[in-house]
Each structure stands twice: as C-alpha cells, then as structure tokens.
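Subject: Handover of a structure and findings

Dear colleague,

Please find the structure below, handed over for your reference. My findings follow directly after it.

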Amino acid sequence: EAASQRVEASKKAQKKKKTLAAVLKKYDTNNTGQLEVDQLKAMLTDFNNGQEPTEEECQFILRIADTSQEGGINGEEIGDAISAWLVYKDERDVIQKVMEKYDTNKTGQLEREQLAALLLELNNNMDVGEDDVDWVLANADVLGNGAITPMELSKAIAVWFAHVDAHGQSTQEGLRSSKACSIL
C-alpha cells in the first residue's frame, strides 16, 4: 500500500513538473530559462482571463516567487508564482472590501496607522503594540514602500496570526472569525 502511494505521488509530481516546464517554455520567448517581467505579465494576463495585471501586481509576484533573486521566475519558481497569483485572484474581492474599510485616505494601500486599525480588529479590539505593527509591516511589505498594498494584505494578516500564535497574544474567539481571515 505505501509503495503504491509513493509511486502515485511520484507520478503526480512528474506530471506537475512537466506541466510547469511547458508553461515556462510557452512564456519564455527569449529562451533564457526564466520569465522576465514582460513575460511574467503575459503569463499572469492569461491566468487572469485576458486582463493585464498592474505593474505592482507583477512586481509583487516577482518578489514573492524569485527566491533565487535572479530577477526572473525560473523553472523551480514558476509553480509558486502561479500559486501566489491564483490565491490573490481568488481573494481579490475580499481583499478589496478590507482595503475599502481601512484605506481611509484612498491611497490604494494601508499606511502604518491604517494597518494598526486592521490589526486591532483582528485582535478582538485588544491593544496592539507599536512594535507589533512595525513587525507586521516589516514582514509583509514585500514591495518595500512602507505600506501594505492589496497584494500584500493576505501576507500581513497571515504574519499577524503567526505572530499572535508565537507570542501568545489574543487568540480569543472572534480573532480568527473575522471576515478578513477568509483572505488566507
């Protein structure tokens, strides 16, 4: 039984690897073995029913998935790039609602004070320390602009909950039942 499961898992992994290699080949129009920003944008557009992603969205996916830090998405990274995009795409409506509520100055991003207000609600209205807000911002601000963009919101919430769990802060009922949690 275990041997047959191992064989089946291996077959699935090989199939996934071939599929991802085919995706890379399709969009790697200059045959460098990686997707540069324009090629990544073309791939994300196709995965988004023909709607082009914004420059910010492309940069986010690039920074999340380019773990080799070579400036593109290679064959080892393409699965993570696709997964990150699909999660964001699926949760875009929920993300937008959270942004509408907390982006009070309508800049399209959550600044430090706005992030603090979101974390306060996620923390069941129990105080959130300045250091905690700074920690979430430092760990979720992938684009490095000092704020949380819609693309970064899921990560901000996820790192907040990880931080809460690790430090034993409020985990009372209501904390994880927030509608914002469905972003995860």
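The buried residues of helix α6 are covered by elements that include α5 (112-122) and α7 (150-167). Please note that this is a predicted model. In α6, which spans residues 130-140, the buried residues are D132, V133, V136, L137 and A140. These five positions lie on the same side of α6, because the arc they cover around the axis is only 135°. The opposite face, turned away from that buried side, carries the exposed residues E130, D131 and A138.

Helix α5 can be described in similar terms. Its buried residues are Q114, L115, L118, L119 and L122. They too sit on one side, the same side of α5, since their arc around the axis is only 140°. The partners against which the buried residues of α5 pack are α4, α6 and α7. After α5 comes N124, which has a positive phi, near 60°.

For orientation, the protein chain contains 7 helices and 2 strands. Read from the N terminus, its elements follow the order α-β-α-α-β-α-α-α-α. Along the principal axes, the C-alpha atoms fill a box of roughly 50 × 45 × 30 Å. Of the 184 residues in the protein chain, 41% are buried. Considering contacts between residues at least 6 apart in sequence, 50% join residues at least 24 apart.

Turning to the aromatic residues, the count is 1 aromatic pair. W85 and Y88 form this pair, which is tilted, with 5.7 Å from centre to centre and 45° between the planes. W85 and Y88 are both buried.

Two pockets also deserve a description. The largest pocket holds about 240 Å³ of space. Its lining consists of K16, K17, L20, A21, L24, G75, E76, I78, G79, D80 and S83. Helices α1 (2-27) and α4 each supply at least two residues of this lining, and the largest share, 5 residues, comes from α1. By class, the lining of the largest pocket divides into 4 nonpolar, 3 polar and 4 charged residues.

The second largest pocket has a volume of about 190 Å³. F60, I64, A84, V87, Y88, I95, M151, S154, K155 and A158 line this pocket. At least two lining residues come from each of α3 (55-65), α4 and α7. The lining of the second largest pocket comprises 8 nonpolar, 1 polar and 1 charged residues.

Which helix supplies lining residues to the largest pocket together with α1? That helix is α4, with at least two residues; α4 likewise supplies at least two to the second largest pocket.

With kind regards

Conventions: Residues numbered from 1 in each chain as written. Predicted model: local features only at pLDDT ≥ 70, side-chain atom pairs only at ≥ 80, totals over all residues. Heavy atoms only, no water. Phe/Tyr/Trp six-rings, centres within 6.5 Å; stacked < 30°, edge-to-face > 60°. Buried < 20%, exposed > 50% of the residue type's maximum accessible area, 1.4 Å probe, protein only. Helix = DSSP H or I, 4+ residues; strand = E, 2+ residues; numbered from the N terminus. Arc of directions from axis to C-beta. Contact = heavy atoms within 4.5 Å. 1 Å grid on protein atoms, 1.4 Å probe; cavity = no way out; pocket = protein on both sides within 12 Å on 5 of 7 lines; lining within 4 Å. Points joined across faces, edges and corners; volume = space filled by probe spheres on them. Nonpolar A, V, L, I, M, F, W, Y, C, P; charged D, E, K, R; others polar.
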